[in-house]
Amino acid sequence: MTTSAEPAEPPAGRPAKAAARPGDRIFLGLSRGSGILLLVIMAAIAVFLTVRAAHAISQDQGNFFTTFEWNANVDPPVFGIAVLAFGTVVSSLIAMVLAVPVAVGIALFISHYAPRRLAAPLSYVIDLLAAVPSIVYGLWGALFLVPHLGGLYSWLDEYFGWTGVLAYHDGAARSLFTIGILLAIMILPIVTSVSREVFRQSPQTHEEAALALGATRWEVIRMSVLPFGRSGVISASMLGLGRALGETMAVATVLSPSFLISKSLLDPGGGTFAQNIASSFKESGETGKDALIASGLVLFVLTLLVNGAARMIIARRKEYSA
């Protein structure tokens, strides 16, 4: 006896898959199109920078990576990014070393120590500082920070000048170390805000279980909150590092640019990619602009590498991710 095949019924309690609604299809198309458009824009930027950079580098009479000189408007042009790469990386690293520990401490205080009446206004002030324009920080740095760093530089020279890295020879404090301090102040609100939100999402059950076992508040943070928020702190740090690498107006306002690499971080001079582009673009000719675009390509690649490294670190610690 043969029986006709009948469509299988969905298991009990599980409704049959409904056809996609028009709104869902439209939203899916818009989301997919936005992602593809972003990739196209990134690729277009990379192609534009590469073409213009290749044109400039082909005319460069020096070594683009090792030359301590930037004369892109002379004939023949001679320019290199050695000083710019050094200044960009060193000032950003100084900013990260100074800002990240302080930002994590502030985030922990707001999320786990401060009473609610204090935590709410303090969070508001931190978020407000993140929205301050960079030119405001630059003006504050030039008019207030630079004149008041002489005492700190003298103290560093007295106790650490023997290293050579922190030797101070008087003069205005318009150095890479000053830029690092200014960048640290600028990225502090960003790192703090992101870290604070990550710490607030730590599982309450883990914290309550640790407290029930007799752990102190610091032991709860060390064993439960910090491991959970590690990937978030890394993401926040990379976000701050991205701003530090590309900061323009604040650096251009404070730094005394020169194409020399000094042994001491307290000596005036140095330069960064963004500062050099901002200060030189207006007076540059065709070749000079292409040379600046070539330096911008290096900064573009450096930023991509930093973000790629951050993603790799986070991917290896998925067990701590929310």
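A residue counts as partly exposed when its relative accessible area falls between the buried limit of under 20% and the exposed limit of over 50%. Select W155 in this predicted model: its relative accessible area is 43%, so it is partly exposed.

**Aromatic pairs**

The whole structure holds nine aromatic pairs. For one of them, select Y153 and F177: the ring centres are 6.0 Å apart and the planes stand at 70 degrees, so the pair is edge-to-face. Y153 belongs to helix α5 (residues 150-160) and F177 to helix α6, so the pair ties together parts 24 residues apart in sequence. Both Y153 and F177 are buried. Return to W155 and F160, which also form an edge-to-face pair, with 5.8 Å centre to centre and 65 degrees between the planes. Then select F64, F65, W70, F79 and F259, which make up one aromatic cluster.

**Helix α6**

Move to T178, in helix α6 (residues 176-200). T178 is buried, at 1% relative accessibility. Beyond its neighbours within four places in sequence, T178 contacts L145, V146, L149, Y153, A173 and V254.

**Helix α3**

Select I126 in helix α3 (residues 116-130). I126 has a relative accessible area of 10% and is therefore buried. Residues up to four places away in sequence aside, I126 touches I106, I110, P189, T192, S193 and R196.

**Helix α10**

Finish at residues 273-280, helix α10, where F273, A274, Q275, N276 and S280 are buried. Show what covers these residues, including β1 (70-71), α2 (82-113), α8 (217-246), α9 (249-254) and α11 (286-315).

Note on methods:
Residues numbered from 1 in each chain as written. Predicted model: local features only at pLDDT ≥ 70, side-chain atom pairs only at ≥ 80, totals over all residues. Heavy atoms only, no water. Helix = DSSP H or I, 4+ residues; strand = E, 2+ residues; numbered from the N terminus. Buried < 20%, exposed > 50% of the residue type's maximum accessible area, 1.4 Å probe, protein only. Contact = heavy atoms within 4.5 Å. Phe/Tyr/Trp six-rings, centres within 6.5 Å; stacked < 30°, edge-to-face > 60°.
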